[in-house]
Structures are given as structure tokens and as C-alpha cells.
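Hi everyone, thanks for coming.

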There are 2 protein chains.
Amino acid sequence: MTELKLERCRIAVDAMGGDYAPKNEILGALAAMKEDKNFDLILVGDKEKILKIAREEKIDLDENLIYHASQIIGMSDKPTDAIKSKPDSSIVVGARLVKEKKAHAFVSGGNTGAMMAASTLIMGRIKGVSRPTIGASFPTTSGDKKCIVFDAGSSVDSKPQHLFEYAILGSIFSKEMYGVQNPEIGLLNVGEEESKGNELTFATQKLLKDSKLNFRGNVEGRDILKGTVDVVVCDGFVGNVILKFGESVLTLLKTRIRNYADKGMLNKIKALVVKSVLKASLSDMDYQTHGGVPLLGINGISIIGHGSSSPMAIKNMVLRAKEMYDKNLIIKFEEALKAYAI
Amino acid sequence: MTELKLERCRIAVDAMGGDYAPKNEILGALAAMKEDKNFDLILVGDKEKILKIAREEKIDLDENLIYHASQIIGMSDKPTDAIKSKPDSSIVVGARLVKEKKAHAFVSGGNTGAMMAASTLIMGRIKGVSRPTIGASFPTTSGDKKCIVFDAGSSVDSKPQHLFEYAILGSIFSKEMYGVQNPEIGLLNVGEEESKGNELTFATQKLLKDSKLNFRGNVEGRDILKGTVDVVVCDGFVGNVILKFGESVLTLLKTRIRNYADKGMLNKIKALVVKSVLKASLSDMDYQTHGGVPLLGINGISIIGHGSSSPMAIKNMVLRAKEMYDKNLIIKFEEALKAYAI
């Protein structure tokens, strides 16, 4: 299935999205170029502003990398309104570059809703996909194994067919990106027993059981970090809550350790040890290591990052987009959706 | 509002529920009696078996504390079937003791579903409650502040009215048990904006806004551990997933630290420091410190524990039941439901 890549990969990065844009975006994108020489970078955004910041920060930036976009969608702008009223915004322009095959991937730490709407509406959905989905990877107690939760917030009030499609996309993603041969799929539920669940899970259970997917039945909230399965499917409301709850766990840990450290000199020393150990053993719990979440099911690669993305997060988002391109994910999705069509 | 308690508190403990029953149950219940002399203990279960284990473990147990129940509901028994087919099981008998005013509270680490069903069906619901609810307390980054999530898994496919009632019960619980004067209520959602949400949250938002409750709007998954509000309401499917996900975080931490320790002598020493610091600063993340989750909205005190409850967990469940009794929670709930009735 390996294909000869005739085209050189081009990755567009939203230079204006994110709370620390364009600085973190420029630094992150350039850092990615240093790690992987095999792609062309396109920095989308206000040319003057980008160059000005680069000068101020003494960043050596080739202005030919910049693709000008005069408008910016703010973090509090209403997504669907904004992508209509700001056609020359970096988010809309970036998505359009992918649509027009001028780029293969678009990466942004900007307004999440606008990024989802622009990617979906402009790039378009892959045939067989009713709704695109966001995948969030979680670390597990089973070594390097990842558990990916679909949908992590792309849409709510899902129908069984949506969860079924997430399972197909998730299965391919787990196989291609994490090298899992026959990814195990679990349906998130309130209990393992078949008799447990809500209207959505009962109907979805049937669809998954009757399919050729490697469906392992119901899993519970604890099974995500346990790594019981490779892919967990659920409604985007639930997935979004878990994703954000999960991210806040590290914040709680850090706060508690800081409070502990404040109670005396010996505590301070012990806290330093704790920090270094946790950094070494929980690095994959930090969102920065994977940078952002991919939006799957659309005709192009789209990765959505945190508003507060650091240069490291941006770099990892770009490298992840590159990996998705190298692994031909979009074509693999199309093939799988055809194969599993019912 | 303080009331003269004419009756001495009586707490029934399911001696047969839980994976390590009756040993952990006996030890935990006796430990609770040592900490608080002001209640009578009733150990519900197979008298012969309880006495035999007590002898084997050299526990000094007064056999008058035992209330005989000949049957046991197993962990894998179907809840509603089991409470019908095993009328003399410790769970059914314990719930009946509360119904018949022979006990004020019932505590069990046994089959969760059976415990919920028996408590609800036998003790009966408080007037104005459509569905009972389970509350799960989470630690927060805001010092000692707790954030309680209702519903943590008592029922799924909730209606807006159910979430509204959870908010009333949760508000009283937070006020009485944690001393919060005017508890802030948040509606769990995928974003803070009013425009975000699913069918359930849109309809619930309206009910909460129009009420006299201290409703602070939407909150996200990260707001639970942040302690943005005192009470978070959501459908039991979502709450159950968060509760179980949250519990698994400590397991992930422990596994990672163990793996780190295995990599050499220096690592082992550092890991010991980490363990002691985390134990000191994250003790409230351990379910054993509160023991179990209360089922609210029924005519009696019912606390549901883990199958794997330790003696410490059982002890804390009993002491919590005692606190709920001392604080007259059932009467406070009744009054609040009347006051907020629409």
C-alpha cells in the first residue's frame, strides 16, 4: 500500500491563531522545519505583523514563507458567522489552501469552533462521513500504548451511525499512526455489561457488533487510562468533558505540589524531586507532546491546537500533520469507509 | 434550624457486600464506632459467617450487633432481579431496616446497581424527586474546596427536570456537608458560552436561570478540578464516566512512578520521595478518604461504596452517614424541594 509521493508535502500554519500568536507560531513552525526537512512551510497571516514580530524577536524568517491573510478570527468570535464575515482570515485562507491543493495540511491554535467549521465546510467531508470527528490521545498504564477517544468534542447529540463512523476512522488512525495491527474498539459506557447504557449506546452496540471492526464491547471511564482498548468511541459531549477534565489533572497536580513546597525548606527540596520525576514519567500526559487534536473525516489534514499553544506544541502539531501526510491517512480513510459501508 | 435529636442514630452496614466482605466491613464498622460513640451499629448479614470470620481474624465482635440476613446479592447479579429473588439478602434487609425506621442509614460496598435499586424502591423517593442522584466529590485547586458532581451515575438519558432537581439536592448537600453558604451551581457543558451545548443543556439552562438557585452558567470539564463552582450538574452517563476516569488517574500515576522506580537505585529513592509527597498532597483524591458516594433524593441515608472497599473506606462511609444524620439532611432536602418547586 505504500505509494510513491510525487509531490513535496506543504503544511500551512495559522500564524495568527493562538494567544501568543504570531510569536509561538513562528518559533514552533521553524522548529518543525529543523527537525524534518521534507516539507514546505506556509505561514498564513498578516505579513506586516508577522515580519514585525520576527524582527522584534530577532527571528530569522524568510518572508517568502508567508502567505498573506488580512483578517483574524478572534477567540470569542462566533465560528460560523466569523468564517462567513471574515473570508480573508488566516483560518479561512488556510483551509482554502488545502481545498485548492496548495497545501496538504493546515494547523492552527486559533478559535477551535472556527477551525472545525472552516475545515469541514471548505475542505469538505470524505464520502461516507456524516460528521467529522476529533480524536484525543490519552496515555495509559500499559506502557507506550495510547488510547484514542473519538469524538472529543467535534459535535454533540450524536446518532449511532456517527459513533460507528468514528470507530472506522479511529481504527485506521490507531493502525497507521500508532502501528496497532488490529485496533481494539470499545464503546464508552457506564458499565461493561451489555445491559448497561443509554439509548445511544444500546443502538450503537448493535451496529458495532454486526460490523467487521474489532469491537470489544463496552468500556468504562477507567478503561481509557488503563488502555483496555486502542480506540474508545463516544458522543462528543462526553469526549470533550473527559479531554478537558484530563488536561486539568496536571494542573491540579502542579498546584498541590506547589502548595506542598510552600510549607518549608525540606518540602521545597522534595517538591523539586517530585517535579523532575513527574516530568520524566508523565510527559505524554502533557498536551504539548502531541500538540493538538486532529479533525478526521475531511478531505485534508487539519489539526486543532490549544489557544495557549507553546512553540513546542506548535512544532509537534506540524510534525504530526507531516506524519499524517506521509502515512497517506486521507486515502486510507476513504478506502476503509468504502470497505465498512453498510 | 438545629433540632433536638430524640433518637440515637442507628447505622446499618452491609457486612456481606464488597470483595473482602465480611472482614473489611467488620473492621471498618468497628473502627467507625471507636471514632464516634454516638451511634449504634447494625451489621447486616449471615450471622454464622460473620462470627466465624471474626473468630478467625481474632476480632472482638459482640454478636448482638449482627442482624441476620441469609442471602447475598453477588457482584454480577442483575440488580432488579436480585432484589426481587433475594428478599433476605443483606442489601434488601438493610434497605428495609431504614424503611421500617429501625435504622437511619445504610452503607454497602456491594453490588452498586442492587444498592441503588433497593434504596430507591424500598426506602422510596422524597416528594418532588423524580430520580435519586449520586454525588461524587472532587478535590480542587482551590484549597480545601470540593466540587460535587451530580449525577455521577445513578441514571442516564436524563431530562432537564432531573438536572434541575440534582441542582437543588446538590446545593443543600454542599451547604450542609461542606459549609458553603450559597453554593454556586454550574451546568456541565462543552463550552462556557450560552450558545454551546446539546439538547439537554439548552433546556436545562433555561430551568436553572429562571430558578432561585445560585446558577453560574455553563462550566467545562476542566472546571471540576479547578473548583470554579461548588456543584456541577450533568447527565449520569457523563458523571459516571468522569468519576471512573478520575479514579483511574491515581492508578496511572502510581504505575508510572513504579516504572520509574524500576530503572535503577537512584530512581527508586526518588520515587519514594514522590510517593510520600503525593500521599501528603493528594490524599483527598483517594476514594478511601470519603469512602463512597451518597444516593440522594430518597427517604433515608444510603451510601454506596467500592466493591474493593478497604476497612478505612468502610469506616469513612459510616462516619459520613453519621454526619448526614446529624445534619438532618433528609429534612433539609424535603424543605428545599418544597421551596424550589415549580
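Let's begin where the chains meet: across the interface of chain A and chain B, the rule finds 2 salt bridges. Please keep in mind that this is a predicted model. In one salt bridge, the side chain of A:Lys244 meets that of B:Glu220, at 2.4 Å from N to O.

Which elements of chain A give two or more residues to the side that touches chain B? They are β5 (133-139), α7 (199-209), α8 (223-226), α9 (236-261) and α10 (265-281) of chain A. Of these, α9(A) gives the most, with 19 residues. If you sort the residues on that side of chain A by type, you get 24 nonpolar, 17 polar and 10 charged.

How much area is buried between chain A and chain B? About 4,600 Å², and carbon and sulfur atoms give 74% of that. On the chain A side, A:Phe237, A:Phe245 and A:Arg256 lose the most area to chain B, together 17% of what that side buries. As for contacts, 51 residues of chain A touch 51 residues of chain B.

Now let's move to a helix in chain B. Helix α2 of chain B covers residues 47-56, and its buried residues are B:Ile50, B:Leu51, B:Ile53 and B:Ala54. Looking down the axis of α2(B), you find the buried residues within an arc of 165 degrees, so they line one face of the helix.

What covers the buried residues of α2(B)? The cover includes α1 (23-35), β2 (39-45) and β3 (66-68) of chain B. On the face turned away from the buried side, α2(B) carries the exposed residues B:Glu48 and B:Arg55.

The ends of this helix deserve a look too. B:Asp46 caps the N-terminal end of α2(B), with a side-chain oxygen 3.2 Å from the backbone nitrogen of B:Glu48. Just after α2(B), B:Lys58 takes a positive phi of about 55 degrees.

Last stop: B:Glu63, in the loop between α2 and β3 of chain B. B:Glu63 is partly exposed, at 41% relative accessible area. Leaving aside neighbours within four places in sequence, B:Glu63 is in contact with B:Lys47 and B:Leu51. B:Glu63 and B:Lys47 are 16 residues apart in sequence, and their C-alpha atoms are 8.0 Å apart in space.

Conventions. Residues numbered from 1 in each chain as written. Chains lettered and ligands numbered in written order. Predicted model: local features only at pLDDT ≥ 70, side-chain atom pairs only at ≥ 80, totals over all residues. Heavy atoms only, no water. Buried < 20%, exposed > 50% of the residue type's maximum accessible area, 1.4 Å probe, protein only. Helix = DSSP H or I, 4+ residues; strand = E, 2+ residues; numbered from the N terminus. Arc of directions from axis to C-beta. Contact = heavy atoms within 4.5 Å. Polar contact = N/O pair within 3.5 Å; in protein donor to acceptor, adjacent residues only side chain to side chain. Buried area = accessible area lost by both parts, 1.4 Å probe. Salt bridge = Lys/Arg side-chain N within 4 Å of Asp/Glu carboxyl O. Nonpolar A, V, L, I, M, F, W, Y, C, P; charged D, E, K, R; others polar.
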